[in-house]
Amino acid sequence: MNTADSTGAAGRPGPAAEEPGAAEEPGAAEEPGAAEAPEAAGAPATAQDAPTATAPDAIPSPTPDTPATAQDAPGAAPEAPKDHTPKAPDAAPGAAPDTAPDAAASAELPPAQGAPRPARRWGRTVLLIAAAAVIGVSAGTAVGYRIQADRPPTPLPPLNQPGLAYPAAPLPKGEEPPPLTAAEDRRVKTDGDLRKLLAPAPKGVDARDGLGGLPVYAVTFESEARMFSALAEEEFRRVAIRAWKEGHRKTHVRLVQFHPGYTNAAADHAEGQRSYMTGDRHAGNDGAVLKGTAKGRYYVYDKPNRKPGYLPLYQARAVFHRGDIMTDIWIHDSKPIPASAIRTLAERQLERL
């Protein structure tokens with residue numbers, strides 16, 4: 001076939017390339033880049049790429065069973081080289097078209113309105129600042145200690161004690177000062193026999209005295225084990241007891257002594273005994289202040305203790321302390337006890353201390 005019929009001298013497409021119906025042939029427009037490829041590549045059309053005008057009936061018409069291609073269409077341009085125009089991959093049957101923009105286009109687009117921004121990572125910065133602060137404080141402390149250790153010690157001022165207030169040698173015999181009296185030293189009285197400090201019983205009444213340790217006093221409470229432990233912690237020392245009976249009236253006087261310590265155990269024990277006296281199971285009232293004491297009180301129970309088969313039991317009590325001795329006085333009677341009875345006995349015992 002002569003190529004001069006289809007191309008010109010300058011390489012432009014001839015009349016055969018402009019055959020009517022060449023661009024409308026089915027299947028020719030579906031091939032991407034088929035019409036634009038010859039111009040982009042600059043390659044001249046040949047007689048092999050387009051059929052002659054003298055044989056239009058030689059081109060078979062496409063059928064439904066046979067899809068038309070770019071090579072079967074009359075006047076179709078040759079396929080572009082693969083190294084110039086990349087071919088998009090065929091989509092899978094039934095898959096949605098890929099609408100994601102390419103990387104260059106998406107990078108130039110501004111961020112969408114209302115889209116959340118990524119959170120800034122502050123943890124590492126805060127950790128570095130905290131570590132720097134700790135190191136700075138530690139270094140400053142070490143330097144300060146080092147500077148102080150290198151300095152010479154500051155001498156202390158001399159003691160202002162030119163002489164002792166008492167003689168260095170004992171005084172000769174017969175020149176010693178007299179011992180302190182009981183009024184000047186209270187322990188002169190309390191370090192001896194504690195039973196001598198008990199209030200005397202009425203005349204003509206047989207009284208019983210006793211001196212015991214912690215077990216003797218702990219059994220007088222309802223919670224013996226608990227009181228034993230509490231009194232042992234309070235440095236309990238000893239107890240002196242005197243009891244007598246007049247008809248149906250019984251009287252008990254107890255002097256409870258404690259070892260000296262950093263607290264006044266006698267005052268604490270007396271306060272603990274007074275703390276529950278206002279309850280209904282006990283006196284049921286606040287009592288009255290005992291003159292000559294700071295917090296000492298005496299009580300007369302509002303209600304007697306009644307039990308079937310027994311006479312009613314009326315009670316009165318006085319609680320106070322003096323120094324390291326706590327005083328606890330009880331009166332029990334089958335008849336009402338006047339307040340003067342417990343008050344007078346408490347005042348007598350206070351004078352003895």
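This is a predicted model: local features need pLDDT of at least 70, side-chain atom pairs count only at pLDDT 80 or more; totals for chains, interfaces and linings use all residues.

Of the 28 residues that make up helix 3, the number buried is 0, so this helix lies largely in the open. Helix 3 covers residues 123-150. From its first C-alpha to its last it reaches 41 Å, close to the 40 Å expected at 1.5 Å a residue.

The mean pLDDT of the protein is 74, with 64% of its residues at 70 or more. Residues 1-109 have a pLDDT below 50. Beyond near neighbours in sequence, that stretch has 51 contacts in the model.

The largest nonpolar core consists of 23 residues, and those with the most contacts inside it are Leu255, Phe320, Ile329, Ile342 and Leu345. Two or more residues each come from strand 2 (236-246), strand 3 (249-258), strand 6 (314-322), strand 7 (325-333) and helix 8 (339-352). Leucine 345 illustrates the packing: leaving aside residues up to four places away in sequence, it touches Ala199, Trp244, Thr251, Val253, Ile329 and Ile331. There is also a second, separate core of 15 residues, which includes Ile241, Val256, Ala270 and Val319.

Arginine 254 is placed in strand 3. Arginine 254 is buried yet has no salt bridge. Its nearest side chain of opposite charge, that of aspartate 328, is 4.5 Å away, whereas a salt bridge requires a side-chain nitrogen within 4 Å of a carboxyl oxygen. With residues up to four places away in sequence not counted, the contacts of arginine 254 include Tyr217, Thr220, Ile241, Asp328 and Trp330.

Terms used:
Residues are numbered from 1 along each chain as its sequence is written. Side-chain values use heavy atoms; hydrogens and water are left out. A nonpolar core is a set of buried Ala, Val, Leu, Ile, Met, Phe, Trp, Tyr and Cys residues joined through side-chain atoms within 4.5 Å. Buried means under 20% relative accessible area, exposed over 50%, partly exposed in between (1.4 Å probe, protein chains only). Helices (H or I, at least four residues) and strands (E, at least two) are DSSP runs, numbered from the N terminus. Contact means heavy atoms within 4.5 Å. The expected span of a helix is 1.5 Å times one less than its number of residues. pLDDT is the predictor's confidence in each residue, from 0 to 100. Lys and Arg count as positive and Asp and Glu as negative; His and the chain ends are not counted.
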